[in-house]
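Dear colleague,

Please find below the structure that I am handing over to you.

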Amino acid sequence: MDAALSYADDHFDTFVGELEDLLRIPSVSTDSAYADDVQRAAEWLAEHFDTIGMQHSEVVDTDGHPIVYAEHLTGDDKPTVIVYGHYDVQPPDPLDEWDSEPFEPTRRNGSIYARGACDDKGQMFMHVKAAEAYLQGESDPPVNLKFVVEGEEETGSMAVGPFIEENAERLEADVVLISDTAMLSEDTPSIVYGLRGLAYTEITLQGPNRDLHSGNYGGAVDNPANALSRLIAGLHDEDHRIDIPGFYDDVRDLTEEERATYADLPFDEEAWMDTIGVDAVRTEGGYTTLECLSARPTLDVNGIWGGYTGEGAKTVLPSEAHAKISMRLVPDQEVEDIYDKLEAHLEDVVPDTMSLTFRRLHGGDPVLVDPTAPPMQSAKAAMGEVLGTEPVFVRNGGTIPVVADFQDTLGLDSVLMGFGLDSDAIHSPNEHFGVDRFQKGIQSIVRFHQHYADSAQQR
């Protein structure tokens, strides 16, 4: 481990330059115009695995964007770690809100600014560089490594689930290691033991057969945009609970111990509100802000449109209106069951002046991991040694669909050892990742592999 850590420190400037090369590839998975760039990023990564000394790497074609697989196996007596990450990124829009070009990495204020700097190229690349540190500094890592790096996490990870099922024997392992989450703060590092699930849908209300003149028809023809607004307004009650019959039937509530842990976490609500520019919170009745951010289910409109939205006035009564809605789920809710309940509710309340179209876009199940398990304790030890502060175990409000796939298909838990911060502006203009956290992440991953190998020997 010492030689690997030394190699990582000696070559860190090179590591940063290589990350910047990867960030220059606009691998936007949600827009077909970038398909060639997504392919180019996959090929770049596979070639880089060869360069650092991995025994095998390949670009695996899928029905969507490719998966990059690489492995380095050094002994049946060693534990095997699957490293998961993704090389695809969100669209950079709105471009006029970036202070520098989104695909020309810029260093300022101790951070690298670029789309994907934190989510997830920067965090994924920490694992590649930790592997290199072992391969070049000590010849072999203390664990067997299998990398699965996908190219469509930002579009729902449609291909990686089938890939895991089809390669279950090839992917035999002991644990999955992922860096695609954020810490509470630099002063309070954290490791995620729970993720919310996701059910994402698009709904359309169709009224008249064409846009109508609002003066000639308004008052007699129901407006789909108005009707959709009424439907959406009815999806929460006054306590901000989701008002869909049966929605909470399977929700596993927080234990007293978990609520006590939440209460002890250092969370400055006023400072948090300042960072996002709000003056008040809107939480589910009976739960704290932190609990609602990560351990309670949600329903949110992600986009709503219909009629004329261009400059100036156009007096139309739209023929249809649309909304995209995401629901974050908690254990033991199931994606298809929640889809069924929302669709049934909407069908029940939609006015007879409208027809409803309900599309199920993508989702993922919620996940919980035992924080006392050996790999979680190895992560705790590794991060604590590097950051100088013992990390706490927390839930995260986001969704990483593949975590449930690894658990359901391979029976493997995932260690979510992320080094992002909420202030890194992922999915937003001016996304960035601290250069110091990139370095500390590499050091922590190097230490994790050694700690986990040691714990396996003791068991």
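The notes below concern a pair of helices and then a strand with its partners. Please bear in mind that this is a predicted model.

The helices are α12, residues 374–387, and α14, residues 435–458. Their axes come within 8 Å and cross at roughly 140 degrees. Since angles over 145 degrees would count as roughly antiparallel, α12 is therefore described as oblique to α14. The crossing is right-handed.

On the α12 side, the residues in contact include P374, S378, A382 and L387, and on the α14 side they include K440, R447, F448 and Y452. The residues of this contact divide into 10 nonpolar, five polar and three charged.

Apart from neighbours within four places in sequence, S378 is in contact with F448, H451, Y452 and S455.

The strand is β7, residues 175–178. In a regular strand, side chains alternate between the two faces of the sheet. In β7, V175 and L177 lie on one side and V176 and I178 on the other.

Strand β3, residues 80–86, runs parallel to β7 and is joined to it by four bridges; here Y84 has I178 as its bridge partner. Strand β17, residues 414–416, also pairs with β7 in the parallel sense, over three bridges, and V176 stands opposite S414.

Yours sincerely

Definitions and conventions
Residues numbered from 1 in each chain as written. Predicted model: local features only at pLDDT ≥ 70, side-chain atom pairs only at ≥ 80, totals over all residues. Heavy atoms only, no water. Axes fitted to C-alpha atoms, helices over the stretch in contact; angles between N-to-C directions. Helix = DSSP H or I, 4+ residues; strand = E, 2+ residues; numbered from the N terminus. Parallel < 35°, antiparallel > 145°, perpendicular 65-115°, else oblique. Left-handed = near helix turned anticlockwise from the far one by under 90°. Contact = heavy atoms within 4.5 Å. Nonpolar A, V, L, I, M, F, W, Y, C, P; charged D, E, K, R; others polar. Buried < 20%, exposed > 50% of the residue type's maximum accessible area, 1.4 Å probe, protein only. Pairing = 2+ DSSP bridges.
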